Each structure stands twice: as structure tokens, then as C-alpha cells.
Amino acid sequence: PIDSPASARDPFTPVSQAKVSAHFERRFSGHIADLPLSTVRKGASELLKAIDEAPGFIRLFTVDAATLSDLAIIASVVDAQGLLLAGSSGLAEAVARRENSFKTGSGGHSGVVRLLLGRIAFFVGSVTSTSAAQCARLAESDNVLRLVVNGRAAANDPEAEMGRMLDLLRQSPAGKALLIHTDSIEPGTSDEGIKAMGSLISQFLGNLALATSHERNLGFLFAMGGDTAARVAAALGADYIDFTDELLPGLPYGYFESNTLGRRLYFASKSGGFGSADALLEVLARVATKRSLSHESLFHSVPLPRHLWGGFDD
């Protein structure tokens, strides 16, 4: 559940309420209707009926789903006049499947540009147990250099912490991909303190991403955690992102023209609460050139499917 202890104490976007309608109610009070799972499972016609019969002042409907089949029912109303579907990648996939445009196993992935390891960086602001496991697995690879941001220092004295991080960066070998993440929140920190700290830390990570892009001529940045991704993109001057591919199912990849750097950067992001422990390793395998990877160390870290290696550029 999204209001589990790990998500509830996330420093960037703490969540204390799992019901989506309750979050919308704060901004659109009196204009929300919540459609329960029982309505969804009666089928598309009953779902549309519930929407049509709602009072005219209802402008927003939140809909429950627990399975892919539930999402398929919701997706079936996509063409109803006056409705705009909004949701996560799961709903997007259900809509795409309905339109018969979602292709699996095609192996195309023509939109991914491979770069040398030294031009790749991962910035992780999420502190969920899932993201911690993914960082740990990525850090085991000989292809990766791990640098840890002191969260409290980043919040309280960002200039000094920035200097420390850049010193570490300049003293480190340049031929490896970078993994930059925050340390864990100290036990006993209040919820208000966590939220305030989280905003400052994510801002620091955005500024650090810009500084690192200057130092290492980065070409691909991966941001984990929604607020971190937003801050990184903003710091680099991204007006919008053109998506060209998926690195993993549900993990979009694209590029933007950096107004700050005056050049193109490739970019991908995801939230910290989902994915296998090997997700970041698989991302690295997709975006790095074959010749720059230490095959043995990467394969020992994660047994990648053969097709992930089929399209590498030399």
C-alpha cells in the first residue's frame, strides 16, 4: 500500500493516505466522485452509466483497479465523449493494448542512443526499500562509481556539500558510470522535518546534476524519484522531453534540448517504489556502449536476457 511506512516517510513526497480521491478532494472539493471496484467489475457499460448519471458538478472521477483486467475495463471507455483518462503506466498500457498498438517482443528499441560509461549518471533521491536494493545491485558492478550525498548537509549547508561532492568527483576515475544517491533519513526525524528536508535535498540533486553534467560532459541522466526527476530536468533547462523508446516495460526513454548547457541530453526516470532489484543494471546495459562495459562483472551482477545485448552499437 502506498501509505505503508516506507512511502509515508519518503522525504520528497510523503504519502499518508492511500485513497486517491482524498488527495484530489483537497483541491477540488465537491467535484469528485469515487467509483469503487464493484462498479468497475460490472463491466464497461455499467462504468459509463455511473459516469453519465453523476451530477453535473462532478468533474473528476477516481476509479479503483486491482488487476490488469480491471484496467482493461477502465481503458475501454477511452473514446467516450468528454472524458480524458489520466493515470499511471499501467493504464496507458491497457489503453495501448485496446488499440492493438502495444507490441511485445519486437526487439526494435531503435530509439536508444548508446554512450560511453563515463557519460552516464544515475541520480537517486528516493529512499524506499526498493530503490535502496536497486542502488545496491548497481553499485556492485565494476562499471559503476558510487557517490553518496549527505542529506542533512545538503539541506543545511548545500554550498559546502556541493564542494565536497565535486571534490570526490574530480578525484574519481572518469571511465565509469556514476551512481549518486542520498543517505538514509535519521531515525526520529519528524514528518514535517522529513518533508522540508526532502524539498531541499531534491533541489540539491538538481543542482548537482547540472554541475556533474559540466564536469563529466554527461550525455544520459537517469533520475529516480518524482521530485528528483523534476528538479534535475528543471536545473538542466528542459522545456519538454521527446520520448523515443522504453528501456524496460513501463520505463520511458527520450531526450531534451538543455537550455542551460546548450546541447542535447538523453533522459529516463522512474519512481522509486517499483521494479526488480536488477532494474538499474538493466538500464545501464541498454544505454552503455558494448565496448565500454566490463561484460564479466555485469553478467555476474545480473543474468540479462540475450535480446538485451543484441542491439549494442560498437
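I took contact to mean heavy atoms within 4.5 Å.

Ground rules next. I am working from a predicted model, where local features need pLDDT of at least 70 and side-chain atom pairs count only at pLDDT 80 or more, while totals for chains, interfaces and linings use all residues. Residues are numbered from 1 along each chain as its sequence is written, and side-chain values use heavy atoms, with hydrogens and water left out.

**Overall.** I found 13 helices and nine strands; these are DSSP runs numbered from the N terminus, helices being H or I of at least four residues and strands E of at least two. Of the 314 residues, 42% count as buried (under 20% relative accessible area; exposed is over 50%, partly exposed in between; 1.4 Å probe, protein chains only).

**Cores.** I looked for nonpolar cores, meaning sets of buried Ala, Val, Leu, Ile, Met, Phe, Trp, Tyr and Cys residues joined through side-chain atoms within 4.5 Å. The largest has 32 residues, and F123, V149, I180, L208, L221 and L236 have the most contacts inside it. Helix α10 (residues 191-216) gives this core its largest share, eight residues. Apart from it I noted another core of 29 residues, with V112, F220, F222 and L284 among them. I then checked F123: leaving out residues up to four places away in sequence, its partners include I180, L205, L208, L221 and F222.

**Helix α7.** Which residues of α7 (residues 129-139) are buried? I got S131, Q134, C135 and L138.

**Rings.** I counted five aromatic pairs. Rings of Phe, Tyr and Trp (its six-membered ring) pair if their centres lie within 6.5 Å; planes under 30 degrees apart are stacked, over 60 edge-to-face, the rest tilted. Y253 and Y266 have ring centres 6.1 Å apart and planes at 5°, so I logged the pair as stacked. Y253 lies in β8 (residues 251-258) and Y266 in β9 (residues 263-270), so the pair ties together parts 13 residues apart in sequence. Both tyrosines are buried. Ring pairs link F220, Y253, Y255 and Y266 into a cluster.
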